[in-house]
Amino acid sequence: MPTALVTGITGQDGAYLAQLLLAKGYRVVGLMRRSASSDVIGERLRWLGILDAVELTDGNLTDLSSLIRIVQDTKPDEVFNLAAQSFVAASWQQPLLTGNVTALGAGNLLEAVRIARPEARFYQASSSEMFGKIQEPMQSERTPFYPRSPYAVAKLYAHWMTVNYRESFGLHASSGILFNHESPLRGIEFVTRKVTDGVARIKLGLAKQLQLGNMHATRDWGHARDYVQAMWLMLQQDVPDDYVIATGRTTSITDLCRIAFGHAGLNYEDHVVSTAALHRPAEVEVLLGDSSKARQKLGWAPLVSLEELVAEMVEADLARHRARMRA
Ligand code: NDP
Ligand code: GDP
């Protein structure tokens with residue numbers, strides 16, 4: 001039975017990845033940062049019904065000694081580094097924490113693997129945000145980066161450290177440059193989930209209005225369940241490499257609202273207000289990924305359309321709010 005160590009297991013991708021790995025027969029060890037609220041922190045794993053099937057161990061990406069100890073003890077065959085301060089907007093408020101966790105944290109984990117388990121295969125959760133102010137209309141592995149937020153700058157450090165440890169020390173280290181991916185388990189602060197939660201509240205009479213920021217930005221949105229499949233596929237290759245994972249379709253926030261409100265029989269124009277306070281200091285206006293390399297070499301393709309994704313998210317948020325109203 002292979003062993004996988006997953007950092008960020010309590011997050012959206014960590015939960016779906018753990019589910020995939022368990023289904024494939026892995027022993028899944030998840031790194032969890034200690035918290036006074038640890039009873040609610042496993043919520044996503046509980047939602048998927050796998051909380052008891054994973055082994056959770058205390059550690060922190062900013063604490064190298066905890067990482068070395070965990071890697072030594074668990075002897076993972078595969079290490080997935082999904083932990084991060086992952087919210088772009090928060091990275092302007094906490095730029096140094098973002099650097100410590102999202103950038104140096106990845107360096108810490110690479111060091112732990114290099115020291116304690118160099119034969120393990122390593123996955124780094126890189127991001128399309130690294131393309132930022134896009135240099136090509138469709139972004140592929142060959143597109144130059146131009147980060148636009150402290151988050152993206154931190155991710156770029158982690159990405160290049162992954163490439164560097166592969167080239168310097170021969171680690172089987174791969175970097176997945178994933179475009180936005182969402183699900184009912186997406187953090188409530190991200191725009192898709194904020195919109196689907198808003199639709200549910202408005203539909204159920206709990207709210208009338210939804211305040212958003214820049215409605216013109218466009219994103220290439222896929223389903224997280226499809227994207228964790230790509231992470232796993234990358235580590236099954238003989239040769240480590242970097243891959244863009246995307247759907248190849250980009251949609252504006254306005255059209256996202258149209259789809260989400262429309263699913264609930266509502267007109268977004270009656271409810272959505274754009275406010276300057278929610279605009280970002282520097283915006284990533286457009287992201288559109290070219291995942292031809294992953295499609296050819298990994299045999300990967302997204303299965304869920306944006307309409308299906310949004311419908312699943314709206315239904316999940318309606319169910320959540322109905323359950324709360326009944327309680
Ligand atoms: P989430 O924000 O849902 O999860 C982040 C995880 O990191 C949580 O488990 C969180 O723990 C953990 N974490 C944060 N700080 C630390 C720390 N100091 N030590 C240990 N763990 C920590 O992110 P997603 O699941 O959406 O994304 C997974 C990864 O992929 C992230 O690195 C993200 O930046 C990246 N990514 C995501 C994309 C997306 O569209 N979802 C696109 C491209 C890249 P806790 O629960 O305690 O907060
Ligand atoms: P990101 O691509 O990782 O930053 O994912 P987000 O879901 O946080 O943001 C996607 C896009 O939606 C960005 O261009 C935001 O500026 C835009 N957006 C517009 N209104 C909002 C909002 O209220 N919240 C968030 N999170 N994003 C918004």
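Of the 35 residues in the largest nonpolar core, Leu17, Leu21, Phe80, Tyr123 and Ile245 touch the most other members. A nonpolar core here is a set of buried Ala, Val, Leu, Ile, Met, Phe, Trp, Tyr and Cys residues joined through side-chain atoms within 4.5 Å. Buried means under 20% relative accessible area, exposed means over 50%, and partly exposed lies in between (1.4 Å probe, protein chains only). Strand 1 (3–7), helix 1, strand 5 (121–127), helix 9 (224–235) and strand 11 (242–245) each supply at least two residues of this core. Helix 9 gives the most, with nine residues. Helices (H or I, at least four residues) and strands (E, at least two) are DSSP runs, numbered from the N terminus.

This is a predicted model, in which local features need pLDDT of at least 70 and side-chain atom pairs count only at pLDDT 80 or more, while totals for chains, interfaces and linings use all residues. Residues are numbered from 1 along each chain as its sequence is written, chains are lettered from A and ligands numbered from 1 in the order in which they are written, and side-chain values use heavy atoms, with hydrogens and water left out.

Now take one core member. Which residues is isoleucine 245 in contact with, leaving aside its neighbours within four places in sequence? Among them are Ile177, Leu178, Phe179, Tyr227, Ala230 and Met234. Ser291, Ala294 and Trp300 are also in contact with isoleucine 245. Contact means heavy atoms within 4.5 Å. A second, separate core has 24 residues, including Ala217, Leu256, Cys257 and Val272.

Next, the helices. Helix 9 has 12 residues, and 10 of them are buried, so the rest of the structure largely encloses this helix. Tyr227, Ala230, Trp232 and Met234 are among the buried ones. The end C-alpha atoms of helix 9 are 17 Å apart, which agrees with the 16 Å that its 12 residues should span at 1.5 Å a residue. The expected span is 1.5 Å times one less than the number of residues.

Helix 1 covers residues 12–23. From its first C-alpha to its last, helix 1 reaches 17 Å, close to the 16 Å expected. Helix 1 is mostly covered, with nine of its 12 residues buried. Those include Asp13, Tyr16, Leu17, Leu20 and Leu21. An α-helix has 3.6 residues a turn, so residues three or four places apart point the same way. After helix 1 comes glycine 25, whose phi is positive, near 90°.

Helix 1, strand 5 and helix 7 (150–169) each supply at least two residues of the shell around ligand 1. Strand 5 gives the most, with three residues. Of the 24 residues around ligand 1, Thr10, Asp13, Arg33, Ser86 and Tyr151 come nearest. A residue counts as near if one of its heavy atoms lies within 4 Å of the molecule or strand.

What lies 2.6 Å from an oxygen atom of ligand 1? One answer is a polar side-chain atom of threonine 10. An N or O atom in the side chain of serine 86 is also 2.6 Å from an oxygen atom of ligand 1. A polar backbone atom of leucine 82 is 2.9 Å from an oxygen atom of this ligand. Taken alone, ligand 1 exposes 920 Å², and the protein buries 89% of that. Accessible areas come from the Shrake-Rupley method with a 1.4 Å probe; for residues, only the protein chains shown count as cover.

Ligand 2 is surrounded by 17 residues, the closest being Glu129, Lys194, Gly213, Arg280 and Glu283. A polar side-chain atom of glutamate 129 lies 2.8 Å from an oxygen atom of ligand 2. A polar side-chain atom of lysine 194 lies 2.8 Å from an oxygen atom of ligand 2. Glycine 213 uses its backbone: one of its N or O atoms there lies 2.8 Å from a nitrogen atom of ligand 2. The protein covers 96% of the 530 Å² of accessible area that ligand 2 has on its own.

Finally, look at lysine 75. Lysine 75 lies in the loop between helix 4 (64–74) and strand 4 (78–81). Most residues other than glycine have a negative phi. Lysine 75 has a positive phi of about 45° although it is not a glycine. Lysine 75 is partly exposed, with a relative accessible area of 48%.

Methods:
A polar contact is a pair of N or O atoms within 3.5 Å; within protein, one must be able to donate a hydrogen and the other to accept it, and residues adjacent in sequence count only if both atoms are side-chain atoms.
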